[in-house]
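This briefing takes the structure topic by topic, from the ligand site through the core and the sheet to individual residues of the backbone. Please keep the model in view while reading the points that follow.

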Amino acid sequence: MRVVFVGAPGVGKGTQAQRLAVEEKIPQVSTGDILRDAVKRGTPLGLQAKDFMESGKLVPDEVVIGLVREKLTSAECAQGYILDGFPRTVAQAEALDRMLKETGSPGLDHVISFDVPNVETIRRLAGRRSCPRCQTVYHIVYGPPKREGRCDKCGEALVQRTDDKPETVEARLAVFDQQTSPLIAYYQKRGLLRRVDATAAIDQVSARLRAVVHPARTA
Ligand code: AMP
């Protein structure tokens, strides 16, 4: 299964991608996680990306396209993948189409758009905490860890992403509206777009997602 997840920051794409990846036994390819890790390790990629990320802007297309190309052509992605946070511009979507053609891949199965009103995404982002070691995501109200401030899986101290601070969230939502939302029409035209109302609780959204990616099982 080759799937793309599209949605504004805070809609729960990452959480749903982590869950679907386990169920389908395919990797979650999160460009945000790859870039954050590069920034943390101070690699050349991280140095290129850092300022853009901290101000809530998109990292330049050519940088992100290069790293996705490397991932998708690796053995780990041979049986499929969930692209979480890529593409984020029409230029990235066109590059992805070219990549799939060049590699003889059968193409995408679904592009899932997660829909949540902005007031709710702002609330979700304000309470989001994540594990810098294993990337597991929590919410202080909707999905708290068992031990306050610590990751359930690896015990690491949870952090708030610097770009989840209110001043940066506004910039990220504006970037989504201007640069990423045109992807909805792009994939709708190609008959790949499926919409999931993601305002509900995590389990309910997972059930809606499953029904969309496996319509025959739930019919
Ligand atoms: P995310 O974790 O998906 O919210 O991404 C965090 C940040 O990483 C974004 O605000 C961007 O600065 C950068 N980023 C992640 N994915 C992309 C992408 N596909 N294109 C450009 N920048 C990206």
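In this predicted model, a polar side-chain atom of Arg161 is placed 3.1 Å from an oxygen atom of the ligand, and Arg172 likewise brings a polar side-chain atom to 3.3 Å from a ligand oxygen. The points below begin with the rest of the ligand's surroundings and then turn to the core, the strands and the loops.

**Ligand surroundings**

- The ligand is surrounded by 16 residues, of which Thr31, Arg36, Lys57, Gly85 and Gln92 are the closest.

**Nonpolar core**

- The largest nonpolar core has 52 residues, and those that touch the most other members are Phe5, Leu83, Leu96, Phe114 and Tyr187.
- Helix α4, which spans residues 61-72, gives the most to this core, with six residues.
- In soluble globular proteins, nonpolar side chains tend to be buried together.
- Beyond its neighbours within four places in sequence, Phe5 is in contact with residues from several parts of the chain, including Lys13, Ala17, Leu20, Ile82, Leu83, Ile112, Phe114 and Leu209.

**Helix α8**

- Helix α8 covers residues 182-189, and within this helix Leu183, Ile184, Tyr186 and Tyr187 are buried.
- When α8 is viewed down its axis, the buried residues fall within an arc of 165°, and they therefore line one face of the helix.
- An α-helix has 3.6 residues a turn, so residues three or four places apart point the same way.
- The cover over the buried residues of α8 includes the strands β1 (2-6), β4 (110-115) and β7 (193-197), together with the helices α5 (90-102) and α7 (166-180).
- Gly191 follows α8 and has a positive phi, near 70°.

- Strand β4 is largely enclosed by the rest of the structure, because five of its six residues are buried.
- On the β1 side, β4 runs parallel to its partner and is joined to β1 by four bridges, and Val6 stands opposite Ser113 of β4.
- With β7, strand β4 also pairs in the parallel sense, here over five bridges, and the bridge partner of Ile112 in β7 is Arg194.

- A polar atom of the Arg2 side chain lies 2.7 Å from the backbone oxygen of Gly107.
- Gly107 is also among the residues that Arg2 touches, leaving out those up to four places away in sequence, and the others are Gly80, Tyr81, Ser105, Pro106, Leu108, Asp109 and His110.

**Backbone geometry in the loops**

- Most residues other than glycine have a negative phi, and most peptide bonds are trans.
- Phe86 and Pro87 are joined by a cis peptide bond, with omega at about -5°, and Pro87 is placed in the loop between β3 (81-84) and α5.
- Lys25, which is not a glycine, has a positive phi near 60°; this residue lies in the loop between α1 (13-24) and β2 (28-30) and is exposed, with a relative accessible area of 71%.
- Gln135, another residue that is not a glycine, has a positive phi of about 70°; its place is in the loop between β5 (128-130) and β6 (137-139), where Gln135 is partly exposed at a relative accessible area of 23%.

**Ala198**

- Ala198 sits in the loop between β7 and α9 (202-213), and it is buried, with a relative accessible area of 2%.
- Apart from residues up to four places away in sequence, Ala198 touches Val11, Phe114, Asp115, Val116, Arg124 and Val205, and of these Phe114 is also named among the core residues that touch the most other members.
- Val175 and Ala198 are 23 residues apart along the chain, and their C-alpha atoms are separated by 20 Å.

Conventions
Residues numbered from 1 in each chain as written. Predicted model: local features only at pLDDT ≥ 70, side-chain atom pairs only at ≥ 80, totals over all residues. Heavy atoms only, no water. Buried < 20%, exposed > 50% of the residue type's maximum accessible area, 1.4 Å probe, protein only. Helix = DSSP H or I, 4+ residues; strand = E, 2+ residues; numbered from the N terminus. Arc of directions from axis to C-beta. Contact = heavy atoms within 4.5 Å. Core = buried A, V, L, I, M, F, W, Y, C linked by side-chain atoms within 4.5 Å. Pairing = 2+ DSSP bridges. Near = heavy atom within 4 Å. Polar contact = N/O pair within 3.5 Å; in protein donor to acceptor, adjacent residues only side chain to side chain.
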